[in-house]
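Grab a pencil and work through the exercises below. Try each task yourself before you read its solution.

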Amino acid sequence: MFESLTDKLTAIFDKLSGKGKLSEKDVDAALREVRVALLEADVNFKVAKSFIAKVRERAVGKEVLESLTPGQQIIKIVNDELIAMLGGGQQKLAKADSPPTVILLVGLQGAGKTTTSSKLALNLRRSGQKPLLVAADPYRPAAVAQLVTLGKQLDIPVYSDESTKKVDDICKQAMKRAKEIDATTVILDTAGRLHVDEELMDELEVVKKAINPTEVLLIADAMTGQEAVKIADEFNTKVGLTGVILTKMDGDARGGAALSLTSVTGVPIKFVGVGEKSDALEPFYPDRMASRILGMGDMLSLIEKAQEQYDETKALELEKKVRKAQFDLEDFLDQLQQLKKMGSISQIMDMIPGMSKLTKQLPANASVDDNQLKKIEAIVLSMTPKERHNPDLIDGSRRRRIAKGSGTTPQDVNQLLNQFRQMKKMIKQMSSGKMRGLKMPGL
Amino acid sequence: MFNIFKKTKDSLERTRETWLGKINNIFDRPEFDDSLWDDLEEVLIAADVGVSASLKIVEGTKYRVKEENLKEASAVQQALSNEMVKILKSSSEESFALSAGNPAVILVVGVNGTGKTTSIAKLAYRLKQDGKHVMIAAGDTFRAAAIDQLKYWGERLEIEVIASQPGGDPGAVVFDALEAAKKRKAEFLIVDTAGRIQTKSNLMEELKKIRRIIERSEIKPQVLLVLDANTGQNGLSQAKYFTEAVDVDAVILAKLDSTSKGGVVLGIADELKIPIVFFGTGQEPEDLSPFNAEDFVQALLEK
């Protein structure tokens, strides 16, 4: 029932790839499925319509249909169009000509403004900035306390003044404070408001006029439905957005909002929130997102994540091994043990080419979650180094020993081995150029 | 009943302007051909009803129009609203009612930022207005200042809030609150929980543990899922995962005061058979009303 867009598109295009020649009818049938997949992923219905029209226009040409690999050509077109729809290249935060750079965060109630403002502050401090957080939400009970607490946890200064509800005054005072403490960036956390609430939208306009921010970022919930586009549009019209931060991307939200926002408003997505921890904020890369949606994985993000955690040689080693499909269970174990540092397993799996498809093929109880991770780790730990290097050694009696050692059943061991073999095969296919119509992002 | 109806209508006023105004326009045509049904499907999808529920509604309406040979726009509209009501009602034939106990425990769950804490304040206020003795357990020990937020409401509404230190074990808070509620002979204990993304298994385990702690006192909690009316098809996933973890009894549809459509409740009612019991419309304690399928649909469809 909750297949991801990635899984759906992969299935659709597998069907196409299996065919030698394609007719216009084949293309239309596939694109109808693409449309449904997009709609189920909460892509705005107008956006889905124009997307399909664009892809069709390019796909039914002679060069595509009569080529040797029409299916793959069409996936490439979809990929290109997805990237275009997501805003092309990566967009960084702007800096003010003379500091401080002022970032105004706006959005609906519950989108995650306060959490995001502290994540953003941490991100900026790590890149050498000196941020000041400003509690500019005098309405929600304990909103100020929430930001003050987060600031304390991260050791980032917070300006607040609970004696007034005049937000423009609070912000003006905060700017003075920023000068006093030599802050290079000021992050203003405003109250959640409905995009149709004229009074509160006017308040934002006043604040904007008073402090002239460098960036006005809309904080948008990735789980938002069709209204996402309208919300972004209204905020953009009233206060002029310079970017979007998409929150709660760590769940199974299919991110249709992400697909639609930029194409309708022209405002780029700059960051995505991917977890509860303060460092769970990542830059948004349209090409990587597109390839993730198409089930091609996101090798570049995976490698970068690995780089953050290991030294460079190890990261390169991983990249090489993954590309050559040479990694064994020893590497697999090594990965598993580092996984906890890198995020949840589903996040990682999504980045490995073909992995999201692979996990779909397994029975429901074998789907990989963080509990499964512990079990897998126990199984691999119960193998000898030799077995890890060459899993084909594992016969019935070894299997029983491993099961006993890890507190699992021989079936569990088997399942893991099969899973591993399939994964290896999948990666081999990827790197041997079976998907040669496609450029792997960054590789 | 009339008041509630009026309230539904008022709060949905905006929704109608943007969405169902369109539906009315759709029917404003001399002939009902295929393009009508395509347009209708599109408007339903634009309201977050979802592809499969929209198709079901359109097919059902189409069937009735043909069977009953409907020619009038108003009759087709009626058929449409009947189809929508039918789906919403299929999930709530045995109407869900909060029943008092010694204490009855209402466990409130949902993803981050849907409006759990505010909904709890409203629900507590509502029960208190009915003359019930209500207490609240501050089970969200994770989010910074969540406890302060609940305490603010407690003071304002004069309702006792049982809380521990931030970062404490939510299970322990719930246990303490249960003991306190029994001692004070409260009729309702409403348990707040931290927002969690439904696919995070460790956090869902924590929720299961909270449920087990309540059940150990021989109390079957009534579990309410708070859903943001702006949520798209992910709402289905939320309802599914939370039901798997803690057996959701009913849904509170929060933030229906914006241009939000809340259409995903049709999908939830259709696929998961979970009834919607309340809807929230604003920031004030009284902004929570019982959900009624006919009123909801009629308020949406009425010209």
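What follows is a set of exercises on this predicted model, each with a worked solution.

**Ground rules**

Residues are numbered from 1 along each chain as its sequence is written, while chains are lettered from A and ligands numbered from 1 in the order in which they are written. Because this is a predicted model, local features need pLDDT of at least 70 and side-chain atom pairs count only at pLDDT 80 or more, whereas totals for chains, interfaces and linings use all residues; side-chain values use heavy atoms, with hydrogens and water left out.

**Exercise 1. Find out what the predictor's confidence is for chain B and for the complex.**

Step 1: Start with pLDDT, the predictor's confidence in each residue, from 0 to 100. For chain B the mean is 87, and 85% of the residues reach 70 or more.

Step 2: Now look at residues 1-6 of chain B, where the pLDDT is below 50. Beyond near neighbours in sequence, this stretch has seven contacts in the model (contact means heavy atoms within 4.5 Å). Where pLDDT is low, the predicted coordinates should not be read in detail.

Step 3: Turn to the complex, which gets an ipTM of 0.86 and a pTM of 0.78 from the predictor.

**Exercise 2. Describe how chain B meets chain A.**

Step 1: Count the residues: 46 of chain B are in contact with 40 of chain A.

Step 2: Get the buried area, the accessible area (1.4 Å probe) that two parts lose on being put together, summed over both. Here that's about 3500 Å², with 57% given by carbon and sulfur atoms.

Step 3: Look for salt bridges (a side-chain nitrogen of Lys or Arg within 4 Å of a carboxyl oxygen of Asp or Glu). There are three between chain B and chain A. The side chains of K49(A) and E42(B) meet in a salt bridge, at 3.3 Å from N to O.

Step 4: Ask which helices supply the chain B side. Helices (H or I, at least four residues) and strands (E, at least two) are DSSP runs, numbered from the N terminus. Among the helices of chain B that each supply at least two residues are α2 (34-46) and α9 (234-246). The largest share, six residues, comes from α9(B).

**Exercise 3. Work out the strand order of the open sheet in chain A.**

Step 1: Two strands pair if DSSP finds at least two bridges between them. The eight strands then line up as β3-β2-β4-β1-β5-β6-β7-β8, with mixed pairing.

Step 2: Pick out the edges: β3 (158-159) and β8 (281-283) of chain A each pair on one side only.

Step 3: Zoom in on β1 (residues 101-106) and β5 (residues 215-221) of chain A, which run parallel and are joined by four bridges. One pair to find is I103(A) and its bridge partner in β5(A), E215(A).

**Exercise 4. Which parts of chain A does the salt bridge between D28(A) and R56(A) link?**

Step 1: Check the side chains, which meet at 2.5 Å from N to O.
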